[in-house]
Structure formats: structure tokens, C-alpha cells
Amino acid sequence: MKTLKIGICGVGNVGGAVLDTLNKNPEIIQSQGGVHLEVVLVGARKGKAAVENKQLNVVEDLKEVAASNEIDVLVELIGGCDLAKELVETAIKNGKHVVTANKALIASHGDELFKLAKEKNVQIGFEASVAGGTPVIKALREGLVANKVQWFAGILNGTTNFILSEMSDKNTNFDDALKQAQDLGLAEADPTMDIDGTDAAQKASILAALAFKVPFDFKSVSYGGIDQVDPEDLKYAAELGYAIKHIAYGSLVDEEVSVSAYPTLVSKELLLSQVGQQMNALDICCEDMGSTVYYGPGAGPKPTASAVIADLVDIANGGWPSQDSAKKVNKITKKTASFPRYLRLNVKNEPGAIAKISSIFANEDISIEALIQHEARKLPEDLQDTVPVVIISGSVSEEIISKLITNLESMKEIDTKVRQFRIHNAV
Ligand code: HSE
């Protein structure tokens, strides 16, 4: 049986879980993967104290691992972009394969790293960078290779899915739900990038590169976070037959690729709406075949370790086709695809207000598909001079919805800012 010699940089939660799984399941990996995975060098900035298995060869200088001639593969698990990039480049230039869980690195520097890897005839595995243990990269690289992807829609951030699920199922407030996610080890050390949508947007840019042959171009992804979601929106969405999820979306329409990640109303008829807690799911819709949906744990040490080890086995067995940027035929445009929209307006409770609103919709040629206005007497007395009005519109581009919202907000009958979310109901 062949042996793959591994050097690991970073033995935090994920690195520790990789070592645990390699230690626990060697026979399973050998019989199912046809390879013996041998950890020959570990880089831990805190030294031997950070590693449970005292038999391992541990060094504090991570660069020593990246430059080692003893290894076949560098496993980069330190995260961040600067040092991680240096380590990965060092290993590739030294003719070593790389496996990484680092979505920020791949999303922003994927093209230059894959170019270098191609020159050096080595592989880069990054299954763990998107959806943790759920093999979505493998689906795009291999399982769907015969298909043209039309769009994908995914829940790619476990932390925010956990928070939204707690808020909508148990009426938990945002802060308590975030604290629980942190206690469960789901959120990043600094959860800002989970909450503001950066994490999901980075993952979306990686999926788009595979699905639509665009460069790894995180900067061209438009995104927003779940901090925009108010408990009232969750209630109205439920009343209208939708859940609110943070959806990473990519589509190819008329050879234009748009990629985004926003809180989105998802029809309760779709599987994605049922994805609760910290789980991830990805719906990939292909021309001719239609949708395939992938569901599983997208965060946490063990699922991430599962994906890292799967990449190591694949590398031992020959790897994947190159992700060379020369093959990229499209690029991500800043234009975004059209979606039906959810709008919540605070409207002065006076005659003619709804008529004016509907004329603004008509002027932009946007249809009103549903409208909810509850009687003001159900509101506290101090709020009875305005009523919340919730509207579901027909499909509208980003440009037109911005114009519509500007026009609505200029009405004297509309109080405060108009809230708006996209709706995903495609199959
Ligand atoms: N913080 C991420 C999440 C973990 O919650 O999905 C893996 O990227």
C-alpha cells in the first residue's frame, strides 16, 4: 500500500481533529482510500504542549514544515491569509501538494496558487473550505462534471443558520443565539465575518469558480449579513409561507455570472427552508438534469477534518483536473440576478396610502404578488398612526429594486427605511 507523508501546520480545533481521526480510523482510511496517511511533521506555534500524541515530531516554526523535504503534502490549517499564503507557496514551490481548509485564502488568492501548482505539477485540495464535511467541492469537480450548472443556492454558514433557526423556532434573541453558537464552537473566534456575510461570500466565490469557470474573485461577490434580519421579518415570512435563511447564490444567465450572499426568504416548499441548526445545504441546478441537493455539517472540527482527510486520499489517488486560470471563460459581474422581493414598509395610516404605494410599483412595472396589512388596533396605541405593510413583489433586478425603494422612501406617508429581502423559490 502506498504511503502519503503529511506535514500539518496548525493544531487548533481542526488540526487536533485531523490527528484524532487519523489515529482513530487508520484501517478504515486504508481499506476505503487505499493509502496509509502518515503524519511525519507537525507545526504548532505553542510546540509539543499543543499536541496530545507525544510520539509526533513537533516543531514551533511553521515555515520549517512548509519547506520540509520529508513531506509529500502540506496540510495548512492556520487560517488567515498572510502566513498561510507564504506556507502554501513555499510548499508548492518545493514540489509538495497542499490541502487547506482556508476559504479566505482560496477565495482571494486561488488563481495565483493554482497557476503555481500547475507549473509545479502538484495538487491543491480545498474540500474543507466550503460546507465542512459535506462534499460539495467533490460534487462540482467530479460528480456533476457532465453538466452545465445554471445556478446554485446554499446555506454555507453554520453559525448564522444556527442563529436564524433559534430565533425563528424558539423566539431566542440574536445575542443569546450567537452566544450559544460560540459555546458550540461553530462561530469563528471573531464572529463578525459569520454575521456580516463575509464567510458565506468567500465560500460562494469558491463555488462559483468551480461551477461557472470564473476566477476566484471574492471582491466581486455582493453580500450582506443576518444582522439585517429583525424578528418581525421572521414572523411575516412564516405567515407568507417562507423561512428566512442566509443564502449564497450564484447564477449563469446569458453568459453573465452573478454571485451573492444575503438573508433571503426561502419558500417552505423547498428543502433549503427545512435546513435547521448549524447544518449546511447546497442546491445545484444543472441544465437538463435539474437540482441535486447536498446536506450536512458545515462547521466544527470533526466535519472539517473529514474533508481534509478525503482530500489527502484523493491526492494519493491522483487528484483532480487543474483549476488553472487559463481555462476561465467568464467573470463575475457586479450585476445581480433578478429575484422576487419581500418589502416591509411602515405606512401612515391614512386614506390613499396603499393606492400611492401601488402606483409606485406600477410605474416601475413591478407586480405586487401578495400584501399583508393587519388592522392598526392590534398595535400598541403609540404605533397606531403607522401600520406595517408587507409586500411580495414579482421578480426584480437590484437596480430596479433600489430605484423602487428610493421612490417609496420619498413618500411622506412612509415612515422609516424600507426593509427588503430577496426571495428564493426556484426549483
Ligand atoms: N464559522 C464557519 C461557519 C465555520 O459557521 O460555517 C466554517 O467555515
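This is a predicted model: local features need pLDDT of at least 70, side-chain atom pairs count only at pLDDT 80 or more; totals for chains, interfaces and linings use all residues.
The protein chain is divided into three parts: domain 1 spans residues 2–129, domain 2 spans residues 136–297 and domain 3 spans residues 339–424. Taken over C-alpha atoms, the centres of domain 2 and domain 3 are separated by 26 Å. The contact of these two domains involves 21 residues from domain 2 and 14 residues from domain 3. Between them, domain 2 and domain 3 bury about 1,700 Å², and 65% of this area lies on carbon and sulfur atoms. Of the area that domain 2 buries against domain 3, 35% is supplied by Tyr 236, Leu 240 and Leu 265, more than by any other three residues.

On the side of domain 2 that touches domain 3, at least two residues each come from strand S7 (149–155), helix H11 (231–239), strand S9 (242–253) and strand S10 (256–267). Strand S10 gives the most to this side, with 7 residues. By residue class, the side of domain 2 that touches domain 3 comprises 13 nonpolar, 4 polar and 4 charged residues. The interface of domain 2 and domain 3 also holds 3 salt bridges. A salt bridge is formed by the side chains of Arg 419 and Asp 233, with an N to O distance of 2.6 Å.

In the structure as a whole, 22 salt bridges are found. In one of them, the side chains of Glu 255 and Lys 148 meet at 3.6 Å, N to O. This pair links distant parts of the chain, 107 residues apart: Glu 255 lies in the loop between S9 and S10, and Lys 148 lies in the loop between helix H6 (136–143) and S7.

The ligand is surrounded by residues including Lys 103, Thr 159 and Asp 194, each of which has a polar side-chain atom placed against the ligand as described below. For Lys 103, a polar side-chain atom lies 2.6 Å from an oxygen atom of the ligand. For Thr 159, a polar side-chain atom likewise lies 2.6 Å from an oxygen atom of the ligand. In the case of Asp 194, an N or O atom of the side chain is 2.9 Å from a nitrogen atom of the ligand.

Tyr 294 was examined as an individual residue; Tyr 294 is located in strand S12 (residues 290–297). Leaving aside residues up to four places away in sequence, Tyr 294 touches Thr 134, Val 136, Ala 139, Leu 144, Asn 280, Ala 281, Leu 282 and Ile 284. One of these, Asn 280, is 14 residues from Tyr 294 in sequence, and the two are 8.2 Å apart in space, C-alpha to C-alpha. The side chain of Tyr 294 is also joined to the side chain of Thr 292 by a polar contact of 2.7 Å.

Definitions and conventions
Residues are numbered from 1 along each chain as its sequence is written. Side-chain values use heavy atoms; hydrogens and water are left out. Domain bounds come from an automatic or database domain assignment. Contact means heavy atoms within 4.5 Å. Buried area is the accessible area (1.4 Å probe) that two parts lose on being put together, summed over both. A salt bridge is a side-chain nitrogen of Lys or Arg within 4 Å of a carboxyl oxygen of Asp or Glu. Helices (H or I, at least four residues) and strands (E, at least two) are DSSP runs, numbered from the N terminus. Ala, Val, Leu, Ile, Met, Phe, Trp, Tyr, Cys and Pro count as nonpolar, Asp, Glu, Lys and Arg as charged, and the others, Gly among them, as polar. A residue is near a molecule or strand if one of its heavy atoms lies within 4 Å of it. A polar contact is a pair of N or O atoms within 3.5 Å; within protein, one must be able to donate a hydrogen and the other to accept it, and residues adjacent in sequence count only if both atoms are side-chain atoms.
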